[in-house]
Amino acid sequence: MTIELSRRGFCIGTALIGLQTVSSSAFAARSEDGTVRLGLVAPMSGPNARYGSFSMRGAQMAAKEINSVGGVGGRKINILPGDSQGTPVEGVSATRRLIDQDHVDFIIGDVSSSVTLAMQPVAEDAGVLLLNAASSNPKITYKAGVGGFKWTYRNYPTDENRALIVLQYAAEKKGFTKYAVLSVDTDYGRAAIEFTKKYLPRFKSQILTEDYYKEGEVDFRSVLSKIRDSGAQAIIMYGNADSTPIVGRQMMEVGIAGKIPLIGNAEFNTASTIKAAPKALEGAIEAAAWLPAYESEKSKAFVEKFTAEYREAPNNHAYVHWETVHLLARAIEEAQSIDREKVRSALSNIHYTSAVGEVTFDDHNQARLPMILLEIENGKPAIKGAYSAEIDYPK
Amino acid sequence: MFFTVIEQVVNGIVSGSVYAIVAVGMTMIFGVLRAINFAHGEYYMLGTFGAWFAIEYFDLPYPVAVVIGVVTTALIAVIVGNFVMQRIVGAPAEAGVLATLGAALILQNTIILVFGGSYKFFSGGYIEPVTLFGFTLAEQRILIIIVGMIVFVGLELMVTYSRMGKAMRAVSQNIECCAVVGIDVRHIALWTFILGAGLAALSGVLTAPVNVSVYGGMGELITFKTLPIIIMGGLGNVRGTFVAAMILGIAESLVATYIGLQFRDTVGFATLMLVLMWRPHGLFSAQARF
Amino acid sequence: MTEIVREVTVTPAERTVAAGRDLRGPFGVALIALACIAPLFLGNYPLHAIIIALIFLLPAHGLNLLLGYTGLLSLAQAAFFGIGAYTSALLAVHFGTPFYVNFLAAGVVTGIIALPLGIPALRLRATSFVMCTLGFVIIGQAIAKNWISLTRGDMGLAGVPKPHFALGPASFTVSGTVGFYYLVLVIAALATLVVYLIVRSPAGRNMIAIRENETLAESVGIPTWHYKLVVFMISAAFAGFGGSLYAHYLTVVSPLTFQMYYSTTMLIIVLGGGAGTISGVIFGSLLFVGLTEALRVAPELRMIAYGFFLLGLVFWFPNGFAPLIGRFSSFLEKRK
């Protein structure tokens, strides 16, 4: 059973791998080829690949649009993908590869907050601009800008923002004070509830039951019956799109559909979700960074184009990545160079008009973004306005 | 209060039935192949995708889609069975772990490559709620319980009376003796595997209407739910697996209600470890195999 | 060329094997030199890949002691890796203790935690033991997620400081890839030496005896139960050390550290290189990281290719890839 290696055999083996590594670095393309080299880190394989595919498609569509009109400042945008598999170690490896091997100048990524947090120091050490488009953990920008990491920017609203806006609307417009929590068991779902709790006293509200479901959970009947018997007026739900139709269907089964609305954010507004459980989603309140039904010319055009291109409706991840590539292109245009320093200062001072409104960055490199508040009425999302809130950074 | 408990038990039986149909296939595969099949949930996923594909692209009615899902999965199982599972008969445990993990990666990521990673919407099935004895359930769930019972009785009859069933029992007890008396072990192994994969697919197609979402990564969770069940049920023991699946379904349901949903996925392994401390061979002794 | 660096740590393990050859001395020195100057001719990305390989090498060494030498298939390495990472990160974030304290504490704490877990688990046989060890990973993740007051749950612990050493008035911080490379290189070399000393000691021979035939080992007076328990604890401690390096290198720890993915990674490293050999595990960790990084060229096909690689490993190279290279080199030698 015991196998011993000869010394030479071992050398040959290791040398083979070594050769592969060296040769690939020697032939790696340089950045002076007249393109904008943009890395995109996202989960592209494994259970979370569904987020990555939307991100990639959104970004690629933006690049195509920009390149078809001659690129930015005469340079074509070249997107180089990096697979994070949704885990920090893979995300860091992908980032390293993009920086050292592919010589990217800018990186967009990741979806998952814990991956982004791990990527931050890597980008900082290399002096590569990390522009996040889809992670909502507030810590990312607590630590950015004047908080420390000079090279991290985020063009996405944080959980704190969202939690406050939802709670405020539910309390002031609907008069709710008793809530049940049913959120996804990830940094996103947990953090949103943590910040909801922070603002509960302000609205004299309370949480009666608190449950978190694992991504991919399919059986909510037990917890929904508990919520039914608890006396809650609304279910606070921060989750991912795939669980919402299941929850909706099972709300109908346990008989709380139409009685206890869902509030929060879990893509309540997509047509297929509403179709799956129309009665349960009626009256659902959602704060979203963006939604396909948003009434603006730019947004409508995006939805139309994306649907035509990929034969499926875009989701939030597709939109934010599409918009972020455009935002970066604008920053490069204003800097009139792909020099990282110049692009970074252009980004800090940018006034960019996105599909949902004007984007500017605060001193923590966090985009000031409006959140769209909507309510499902008669099976269709009705937009109740765009709200924004200035974040109180911990001192 | 009492009513709530009963309602949760009923919920538990529904999810227990789903687990049972998946786990029973996995435990039979273990009995014959002596390998933990880490790819088992993927057949559940494949069955669901087959049915989804039939409904979405060809607009076929749900019952036809069920058949297509199961048959497609069985065909894929023939390939995997020939190239992977047959070869791990008699291999060490770690080889089985790696080979089935490899198969899981290939199946899962091929589906993601072909259909994209985004979630799909499953639109077939019987989802209208009905009220029985004061409980409201979707029709589909009642169907799941009924099919679960049929599968259980059918398997009991098969392993007791049919020639193939007897051969399966024989192989699970002593591979060498089977070879001596002329039972084609590899043949039996292949058929057991196809049967197991087909049952997992059936379970997937049956639950798809109530679970609504279909995506490439959905199999992994099922694999992890099933693993503790087959150990608790006494590896290779059909009857024990059914009981263990029901126990786990009910326990999960009660934990989700009275402790918290976030602890639900821990129930399986926590129960398993408690059971193993008390009875190292599972609740149902391995001697009572099949 | 880079990975020849690792040869340095193999030297002791191979010494007895190749004792007859004279070229070994100068060759070893050349390799040590190569390891030390590797950062001069390697970019940050290959160095990063080697660092990851070396971090995974520690839990893989642990698993090798358990699986390769004692014959116990365990999937608990990810749980101990996670416990080590959290121990280190919590100490650093809450108490600001220096790296070497965190590092040692991670190994010791993990080893101690392994004792109460190992006592019930090791009573189990075969599949039940495998599942029980997998259970540790699942339950570990649940604890990391739900014990929010301690672990901050899914928010994770970010900002684990870079290793900082202070000796009297002189102090320096290991920042950047090159610094970390040397740190990990030294630790991995020491770990390899420790494993070498264990397996070449009488205890190591007793472990092999347990692997080959436990009943026989028991009958000749080897206290098999105590051996298995101690090896389980040592292997956990190795995983804990690896987890500590992971925490300080990536600076972020989250419940995702408790994943079966890492357990199978360790298993692939050990089996890919060749279970029951030290050089095999070292080769395996480089092979594994080299492979996953090489597959990055095609992100969509990456995991599919990886799956096929696993099947190929199991069916064509059941003893790992290392013997293949051994055979290849002896083939070359014969031709000369």
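These notebook entries record what I looked up in a predicted model with chains A and B.

**Ground rules.** I number residues from 1 along each chain as its sequence is written, with chains lettered from A and ligands numbered from 1 in the order in which they are written. Because the model is predicted, local features need pLDDT of at least 70 and side-chain atom pairs count only at pLDDT 80 or more, whereas totals for chains, interfaces and linings use all residues.

**Entry 1: domains of chain A.** I looked up the domain assignment, whose bounds come from an automatic or database source. Domain 1 of chain A covers 35–157 + 296–364, and domain 2 covers 160–288 + 373–387. I find their C-alpha centres 29 Å apart. The contact between them takes 10 residues from domain 1 of chain A and 10 residues from domain 2 of chain A; two residues are in contact if their C-beta atoms, placed from the backbone, lie within 7 Å. I sorted the domain 1 side by class and noted 3 nonpolar, 7 polar and no charged residues. For the classes, Ala, Val, Leu, Ile, Met, Phe, Trp, Tyr, Cys and Pro count as nonpolar, Asp, Glu, Lys and Arg as charged, and the others, Gly among them, as polar.

**Entry 2: chain A against chain B.** I then turned to the contact between the chains, which takes 34 residues from chain A and 34 residues from chain B. On the chain A side, the elements giving two or more residues are helix H2 (49–68), strand S7 (206–213), helix H8 (221–230), helix H9 (244–254) and helix H10 (271–276). Helices (H or I, at least four residues) and strands (E, at least two) are DSSP runs, numbered from the N terminus. By class, this side of chain A has 13 nonpolar, 9 polar and 12 charged residues.

**Entry 3: the seven-stranded sheet.** I traced an open sheet of 7 strands in chain A with mixed pairing, in the order S7-S6-S8-S9-S10-S14-S15. Two strands pair if DSSP finds at least two bridges between them. S7 and strand S15 (380–387) of chain A are the edge strands, each pairing on one side only. From one strand to the next, the twist averages 20°. Strand S6 (residues 178–184) of chain A runs parallel to S7(A), and 7 bridges join the two. Within this pair, A:Ala180 stands opposite A:Thr209. I also noted that H8(A) packs on the sheet, touching S6, S7 and strand S8 (234–238) of chain A, and that its direction makes about 175° with that of S7(A). Axes are lines fitted to C-alpha atoms, for helices over the stretch in contact, and angles run from 0 to 180 degrees between N-to-C directions.

**Entry 4: two hairpins.** Strand S11 (residues 352–353) of chain A pairs with S12(A) in the antiparallel sense over 2 bridges, with A:Tyr352 opposite A:Val359. Their hairpin has 4 residues between the strands, and A:Gly357 in the turn has a positive phi of about 150°. S12(A) pairs in the antiparallel sense with strand S13 (residues 367–368) of chain A as well, over 2 bridges; here A:Phe361 stands opposite A:Ala367. I recorded A:Val359 and A:Phe361 on the covered face of S12(A), and A:Glu358 and A:Thr360 on the uncovered one.

**Entry 5: A:Val72.** I located A:Val72 in the loop between H2 and strand S2 (76–83) of chain A. Why do I class A:Val72 as buried? A:Val72 has 21 other C-beta atoms within 10 Å, and a residue is buried if 20 or more lie within that distance of its own, exposed if 12 or fewer, and partly exposed in between, with C-beta atoms placed from the backbone. Leaving aside neighbours within four places in sequence, the contacts of A:Val72 include A:Val36, A:Ile66 and A:Ala329.

**Entry 6: inside chain B.** I listed the buried residues of helix H6 (residues 163–173) of chain B as B:Ala167, B:Met168, B:Arg169, B:Val171 and B:Ser172. They pack against helix H1 (2–33), helix H5 (139–161), helix H7 (175–180) and helix H8 (185–211) of chain B. In helix H8 of chain B I looked up B:Thr192, which is buried, with 25 other C-beta atoms within 10 Å. Not counting residues up to four places away in sequence, B:Thr192 touches B:Met28, B:Ile29, B:Val32 and B:Met168.
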